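Trainee: I have a new structure to read. Can you take me through it feature by feature?

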Amino acid sequence: MTDMYKKLTGWICLAALGLAPGLAGCKDDKPPPQPVASAATTQAPIPAFDAPEGVTLRSTTSPELAIKHLDKRIEKHKAQLDKSDALGIQRGLVSDLVLRSSRIGTVSDLDVALEVSEAYLKRFPKSQKAMLTRAQALAAVHRFSEALEHVEKAEAMGATPYHVDSTKGSILLGLGRYEEGYQLVKAQRERASNHATLAMEAHALGKLGRYDEANQVFEKAITEYKDISPFHIAWIHFE
């Protein structure tokens, strides 16, 4: 295993899940993150970050400000749910809850994500999007086998590879089915090459022991990143 791969791997398994459904590669036997001491998410301490050797940091929105914006977005989603049962609202809420949990360790957010995704799947049992959102929430708490069942149900409903492969591939990685997972995340990167799909492919390559190739793809993912959000660039570095 190369030094760069060791430095970039293992910090962000759950963080990937907050960026897009299923974007994570945690093994099934690793426990979810422990909750932070503070119950107030906006007051949870954000640790100082020292870049791994050989990694250049970029200017981004401050982590504290980014978390505050995320808190406000989550509260807005919750307020909208009181007025509308639109599927898009619950999808956004689940994704943001998983994202916040991955950043500051709020396990209570994962509990809410599970509740919301389950309730809306019951309301929209024939919705591919509701099925995939449920899979995202299940994968976030490492219930990978159940998550895979929901992805496969979405496929049976007609969900396309474009909407499924990232989610299904990352779940397979979580189950230790590395070659199958790699093939799917690679296919998604070939359809839509960006920093997220590149980083996921690099992670899968590392799982297969192809560390030199993983390093090269990680470096390309960093080069492709053009945004100012600290979440996404942190995910690439940590992955």
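Predicted model: local features only at pLDDT ≥ 70, side-chain atom pairs only at ≥ 80, totals over all residues.

Trainee: How many helices and strands does the protein have?

Mentor: It has 11 helices and 0 strands. Read along the sequence, the pattern is α-α-α-α-α-α-α-α-α-α-α.

Trainee: What share of the residues is buried?

Mentor: Of the 239 residues in the protein, 49% are buried. Look at the contacts too. Among contacts with a separation of 6 or more, 63% join residues 24 or more positions apart.

Trainee: How do I describe two packed helices?

Mentor: Two packed helices are described by the angle between their axes and the distance between the axes. Start with helix H3, residues 87-104, and helix H4, residues 107-123. Their axes come within 8 Å and cross at roughly 160°. An angle over 145 degrees counts as roughly antiparallel. H3 and H4 are therefore roughly antiparallel to each other. The crossing of H3 past H4 is left-handed.

Trainee: Which residues of H3 and H4 meet?

Mentor: On the H3 side they are Gln90, Leu93, Val94, Leu97, Val98, Arg100 and Ser101. On the H4 side they are Val107, Asp109, Leu110, Val112, Ala113, Val116, Ser117 and Tyr120. Sorted by class, this contact of H3 with H4 has 10 nonpolar, 3 polar and 2 charged residues.

Trainee: At what angle do H5 and H6 pack?

Mentor: The angle between H5 and H6 is about 165°, and their axes are 8 Å apart. That makes H5 roughly antiparallel to H6. H5 passes H6 in a left-handed crossing. From H5, the contact includes Met131, Leu132 and Leu138. From H6, it includes Phe144, Ala147 and Val151. By class, the contact of H5 with H6 counts 9 nonpolar, 2 polar and 3 charged residues.

Trainee: And how far apart are the axes of H8 and H9?

Mentor: The axes of helix H8, residues 178-191, and helix H9, residues 195-207, are 9 Å apart. These helices pack at an angle of about 155°. H8 and H9 are therefore roughly antiparallel. H8 passes H9 in a left-handed crossing. By class, the contact of H8 with H9 has 7 nonpolar, 2 polar and 4 charged residues.

Trainee: What is the idea behind a nonpolar core?

Mentor: In soluble globular proteins, nonpolar side chains tend to be buried together. Here the largest nonpolar core has 35 residues. Those with the most contacts inside it are Leu93, Val94, Val98, Ala113, Ala147, Val151 and Ile171. H2, H3, H4, H5, H6 and H7 each supply at least two residues of this core.

Trainee: Which helix gives the largest share of this core?

Mentor: H5 does, with 8 residues. There is also a second, separate core of 13 residues. Val185, Ala199, Ala204 and Ala214 are among its members.

Trainee: Where is glycine 88 found?

Mentor: Glycine 88 lies in helix H3. It is partly exposed, with a relative accessible area of 49%. Now look across to alanine 130. Glycine 88 and alanine 130 are 42 residues apart along the chain. Their C-alpha atoms are separated by 9.2 Å.

How values were computed: Residues numbered from 1 in each chain as written. Heavy atoms only, no water. Axes fitted to C-alpha atoms, helices over the stretch in contact; angles between N-to-C directions. Helix = DSSP H or I, 4+ residues; strand = E, 2+ residues; numbered from the N terminus. Parallel < 35°, antiparallel > 145°, perpendicular 65-115°, else oblique. Left-handed = near helix turned anticlockwise from the far one by under 90°. Contact = heavy atoms within 4.5 Å. Nonpolar A, V, L, I, M, F, W, Y, C, P; charged D, E, K, R; others polar. Core = buried A, V, L, I, M, F, W, Y, C linked by side-chain atoms within 4.5 Å. Buried < 20%, exposed > 50% of the residue type's maximum accessible area, 1.4 Å probe, protein only.
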